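Hi,

Here is the structure for you to look at. My notes follow below it.

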Amino acid sequence: MEQVVSASCLVSLRCTSCGATYPADEIHTTCPACGKVLFAEYDLERAAQTLTREALRSRPWTLWRYHELMPVRDPASRLTLGEGGTPLLRGERLGQALGLSRLWLKDESQNPTGSFKARGLAAAVSRAKELGAKAVAIPSAGNAAAAMSAYAARAGLPAYVFMPADTPPAMPAECRAYGAHVFLVRGLINDCGRVVRAGAERFGWMDVSTLKEPYRAEGKKTMGLELAEQLGWRLPDAIVYPTGGGTGIVGMWKAFDELERLGLIGRERPRMIVVQAEGCAPIVRAFQAGVRHADPWRDAHTVAPGIRVPVAIGDYLILDAVRASGGTALTVSDEEMLEGVRLLARLEGLFVSPEAGATVAAARRLRERGELGPDDETVLFLTGSGLKHLELVEGDYPVLDPDDPGVLDRLAAVAGRKG
Ligand SMILES: *Cc1c(COP(=O)(O)O)cnc(C)c1O
């Protein structure tokens, strides 16, 4: 019998809107025919021969364990910093506070560069290099730029990053440390996108904007593959996701479809729940209006940069997934997000970004409204680390003089009266 070698089963790119298909082994951004989002398509029959529950048991816990469903052909082209394989933690204490008995926390802050963006950019930069790109460029609220810069460093590719001028200072600093060319842009992420598009045309950079090339979504879909595997090949009742450009939701939805066609899960799907900020909620507004495309949000503002995205090219893909899953979309205030951050830190020992805090606020709201039942198995995606947002944490600490004879009296106020 012929030995089947496991390898990427990528076959083509297909437009999610007009259905046109393109060869996978040339560089593509959006659909040349209609400008919408291209998806990678795989030979799932072939993938099913080697991507089995048994085979997975002996593979390392990075996202490359699913290499049949990843776009990178040559194993030597895989750029890895240990992305993926993040813990799915029980949220017992937070669950008690929210009234959810089966709460899970997917801690994406443990990815390289501190956010789930590492998954998408590991895939996109690996593939860009494999296809011969000479430089990569990105408009970003911060985390995507950091991830791209890190993988570009690993690949030896020049990186050009463009961020809104008011991005938290840790983000440009991290990119510069990786050797990227960092530019701050007056405006929002879509304004940064305009500069990247023009630069890509003039200087030949590969533009790796969200859903404007097909492979970031492939990296992010591994959150869905991993979740199914970590739960023993089943899916939860609900997934709560802080949504900006939408690749997280869109990628996971694609993953579930591929897993079903591989025979690894059944037809059940979680309710996909989109959380956005009160100050920037184009997808929530479109969901409520019952439409498939979102109008641009004006004067977008929120402390959560990753979800300050006024226009999403994949709006129809996000909204389709939410609706098909019986999910919903809701907003939370900045204050509620920060309260979510505090709760995760104090009850669970997880110091996360404000976007991640938004999932806590959303779960609380949905529980109060009865849209999440007390026993609904719910997964909060903690997309990023709080360490990049120290500006949001109060920095007023008592300063002690160790020679001060009254030092222990000052401590007694918080330590209690022992000894
Ligand atoms: C980018 C980002 C998001 C938004 O994710 P999308 O998949 O683009 O919708 C959420 N949280 C953090 C921390 C991010 O960096």
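The buried residues of α7 are Ile189, Cys192, Gly193, Val196, Gly199 and Ala200. They sit on the same side of α7, because they cover an arc of only 130° around the axis. An α-helix has 3.6 residues a turn, so residues three or four places apart point the same way. Bear in mind that this is a predicted model.

Now turn the helix over. Arg194, Glu201 and Arg202 are exposed on the other side of α7.

What lies over the buried residues? The cover for the buried residues of α7 includes β6 (136–139), β7 (159–164), β8 (181–185) and β9 (206–207).

α7 has 15 residues and spans 20 Å from its first C-alpha to its last. That is close to the 21 Å expected at 1.5 Å a residue. Just after α7, Gly204 has a positive phi of about 75°.

The largest pocket has a volume of about 590 Å³. It is lined by 40 residues, and the closest to its centre are Ile189, Thr210, Gly244, Gly245 and Val309. Ile189 is also one of the buried residues of α7.

Which helix or strand gives the largest share of the lining? α7 does, with six residues.

By type, the lining residues of the largest pocket divide into 14 nonpolar, 18 polar and eight charged.

Best wishes

Terms used
Residues numbered from 1 in each chain as written. Predicted model: local features only at pLDDT ≥ 70, side-chain atom pairs only at ≥ 80, totals over all residues. Heavy atoms only, no water. 1 Å grid on protein atoms, 1.4 Å probe; cavity = no way out; pocket = protein on both sides within 12 Å on 5 of 7 lines; lining within 4 Å. Points joined across faces, edges and corners; volume = space filled by probe spheres on them. Helix = DSSP H or I, 4+ residues; strand = E, 2+ residues; numbered from the N terminus. Nonpolar A, V, L, I, M, F, W, Y, C, P; charged D, E, K, R; others polar. Expected span 1.5 Å × (residues − 1). Buried < 20%, exposed > 50% of the residue type's maximum accessible area, 1.4 Å probe, protein only. Arc of directions from axis to C-beta. Contact = heavy atoms within 4.5 Å.
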